[in-house]
Amino acid sequence: MSNIEKWLESNTFHHGEFWDLLELVKMKEKKDLKISLCIPTLNEEKTIGKEIVIFKSELMDRYPLIDEIAVIDSGSTDKTRETAAAFGADVYLSSEILPSEGFKRGKGENLWKAIYQLEGDIICYVDADIKNIHPRFATGLIAPLIQRDQMQYVKAFYDRPLAFSQGVRPSGGGRVTEILVRPLFSLFFPELTSLIQPLSGEYAVRREVLESIPFPIGYGVETSHIIDVYMKYGLDAFGQTDLDQRVHRNQSTLDLGKMAFGILQSFLNRMEAYDLVDKLPEMSNIFRQFQAEGNRYEQVLKEIIEEERPPMIEIAEYREKFGLKKPKK
Amino acid sequence: MSNDEYEKALLAKLPEYREKLLSLRERILADVVMVGEIPSPTFEEEKVVQFICNRFTEEGLDQISIDEVTNATGLLPGTEGKHNILVAAHTDRIWQNGIDHTVTVTSESLIGPGIADNALGVTALTTLPTLLKVLGVELKSNLILLGASRSMGRGDLEGLRFFTENAKLPFGAAVCVEGIQLGRLSYSSLGMNRCEIQVITPEKHDWESWSLTGAITALTQIVQRILAIETPQVPKTSIILGSINSGTSFNLPPTQATLRFEVRSEEPGMVTRIREQIEEILEQNIAENGIHATMEILARRRPGSIGFSHPYVRSAREILKALDIKPQVAPSTSELSVLLDKDIPSLTLGLTEGDNKHKLDEAIRIKPMFSGLAQLIATLQCIDNQFEDE
């Protein structure tokens, strides 16, 4: 069994495995862990109220799994902060946290400042634009960290379409993941292709990890994290949890282009940081995608060799046919 | 303590009830959201019912079960347990599976299809044990909490009907809860016939000789004749035309048209008389126009009432008055009729203010909800206290 297969077997979860919240709360208390939920926001008045209500009711009042719910806002001009505060979230303006470091506009900025502002040993980040919010969006990510001390970084993925006709179905991330990130990882960090949705905005991480890695403030924050955590702790530090369906706004292709551009910048930055730019590892010819059967995920490997032909003018027969001289080298 | 003294003391506690319930705001709202986001069309209530039972389990209720018509039930034992009070909310909603059930939460209100009718009513059931605990209220009687399925439209109250006919525990009183409107106080049920008329015109109809252009015209003639039926103001009687469906284009006369309507009256026998008149109209149109038409009766209710001066109604009015809410006395055609039919003294209460009922942006206001829930609990306490006196 390859390392990837082993990891998929042992470190990929379904949120349903963590249904027993009472047991989880007990284990958390026994291990004396403090857990913070951080929601980065910018103009999310439509969905923020519901997220706070659901998380506070289910994971603070009913089952005290989370110690604080914090909204870290980039300066919304709608009622995001007011609504979140009305339902009992701690609301912070990103610009007012750590003022000595200044303020940069971007989601990564809020995630970074959360490490300073929040108290938790584990910080769980959840995006604010989820329409079908449910406690699983936090419990599915926090639970593996409570249960397994060696695990550092648990990512969400979303699968399980409502209907599919055959046993085996293609599975994977969004468009930017499949078109940009997966090919890049397949080429340079094949093990990281085990993450089904490396770009998902929901993940729970231990403080020791968060405080020791840099944070791109824009689109590249997740990609950069994954590479850093991988280089420092290896694949076993990651876990991933299937959270079923996530309903959110769809982005336009132009927006995805901007996202891809930011991610590529961050990726190349990391390559530079690890001194890999002029010493590129040997590129793999294996492209790794996913398929799923029920709740079992496996990679589908495809060898893609981009062979190359020389310019036609270098071919003797061609020059002869058209009466050309050999080009100067 | 006499009944009057008990009530007086209880009314004085209502502002405190409201304050304490406010501390459970997120718990209550979370249940409304979660119930509201589970589609629950009539005959497909399984998922909501499962949610209700999970909550009942978390609350430690007894005898939690799902019966053969998908009712959810749980029992909250009273301190004495000599009597049983039924608290019922219908679990089905008018919206089908395919539509977007997302609920929006603002600081003032909750918005989403079916949020008032009846996600909030169901939430009263799932949260009631916690609400009572937080208020320190212990009832002498057992509470039977019932999520009643198959209530609306073609469901024709099948869930509650099944429960009242087969319940192993007899109950001496019942309160039905609906999301809106706060102040609603129903203690009587109207006689009602819910009917559907279908008109079918032949494809190759000789329109020239009959001067009809399709099923819409044929149905319109029927409607005109129905509207000419005289309905008395007292006792209140009405014919409600609920929907007309027909046709697909601008210029193709349809061959089929459907009319859905209800005939309602407070007077026994009146509904049947009006329905017979409508059947006659149908016969006349069939004969005159050579169309094919049928009428199906989808639901029937008999009128009933416990009366304005019944002790439960009096207590409920006093409670509303103490909460500064104007009672809106209106007869019901839903759950109450099944209960009154079985001679079970019953009330229907509304829990909050809301708008856009049965639209996609159905909305309920958060703040009045706490008065509504305080009202429900105080009403149950009054009923509980009155058992000894009966």
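Which residue forms a salt bridge with B:Arg25? In this predicted model, the partner of B:Arg25 is B:Glu26, and the closest N and O atoms of the pair are 3.0 Å apart. The cut-off for burial is under 20% relative accessible area.

A search of the whole structure finds 39 salt bridges over all chains. In chain A, the side chains of A:Arg246 and A:Asp129 meet in a salt bridge, with an N to O distance of 3.0 Å. This pair links distant parts of the chain, 117 residues apart. A:Arg246 lies in the loop between strand 9 (238-242) and helix 10 (253-273) of chain A, and A:Asp129 lies in the loop between strand 5 and helix 6 (136-147) of chain A. A:Arg246 is buried, with a relative accessible area of 16%; A:Asp129 is also buried, at 15%.

In chain B, a salt bridge of 2.7 Å (N to O) is formed by the side chains of B:Arg55 and B:Asp31. Because B:Arg55 belongs to helix 3 (residues 46-58) of chain B and B:Asp31 to helix 2 (residues 25-37) of chain B, the pair ties together parts that are 24 residues apart in sequence. B:Arg55 is buried at 5% relative accessibility, and B:Asp31 is buried at 0%. Both residues belong to a network of salt bridges that also takes in B:Glu58 and B:Glu59, together with A:Glu58 and A:Arg62 of chain A.

Chain B contains an open sheet of eight strands in the order 1-2-6-3-7-16-8-15, with mixed pairing. Strand 1 (62-66) and strand 15 (328-329) of chain B stand at the edges; each has a single partner strand, so one side of each is left without a neighbour in the sheet. Strand 2 (residues 72-76) of chain B pairs with strand 6 (residues 142-148) of chain B in the antiparallel sense, over five bridges. Within strand 6 of chain B, B:Leu145 is the bridge partner of B:Gly74.

Strand 3 (residues 84-90) of chain B is largely enclosed by the rest of the structure, because seven of its seven residues are buried. Both faces of strand 3 of chain B are covered. B:Asn84, B:Leu86, B:Ala88 and B:His90 are buried on one side, and B:Ile85, B:Val87 and B:Ala89 are buried on the other. Strand 3 of chain B runs parallel to strand 6 of chain B, with seven bridges between them; in strand 6 of chain B, B:Leu143 is the bridge partner of B:Ile85. Strand 3 of chain B is also parallel to strand 7 (residues 173-180) of chain B, to which four bridges join it. In strand 7 of chain B, B:Ala174 is the bridge partner of B:Leu86.

Two surface patches were found in chain A. A negative patch is formed by A:Asp32, A:Asp121, A:Glu208 and A:Glu211. Of these, A:Asp121 lies in the loop between helix 5 (107-117) and strand 5 (122-125) of chain A and counts as partly exposed, at 31% relative accessibility. A nonpolar patch is made up of A:Ile313, A:Phe322 and A:Leu324, which together have about 270 Å² of accessible area. A:Phe322 is placed in helix 11 (residues 316-322) of chain A.

Methods. Residues numbered from 1 in each chain as written. Chains lettered and ligands numbered in written order. Predicted model: local features only at pLDDT ≥ 70, side-chain atom pairs only at ≥ 80, totals over all residues. Heavy atoms only, no water. Patch = residues over 30% accessible without salt bridge, like charges linked within 9 Å, V, L, I, M, F, W, Y side chains within 5 Å. Areas by Shrake-Rupley, 256 points an atom, 1.4 Å probe, with all protein chains shown as cover. Salt bridge = Lys/Arg side-chain N within 4 Å of Asp/Glu carboxyl O. Lys, Arg positive; Asp, Glu negative; His and termini not counted. Charge placed at Lys NZ, Arg CZ, Asp CG, Glu CD. Helix = DSSP H or I, 4+ residues; strand = E, 2+ residues; numbered from the N terminus. Buried < 20%, exposed > 50% of the residue type's maximum accessible area, 1.4 Å probe, protein only. Pairing = 2+ DSSP bridges.
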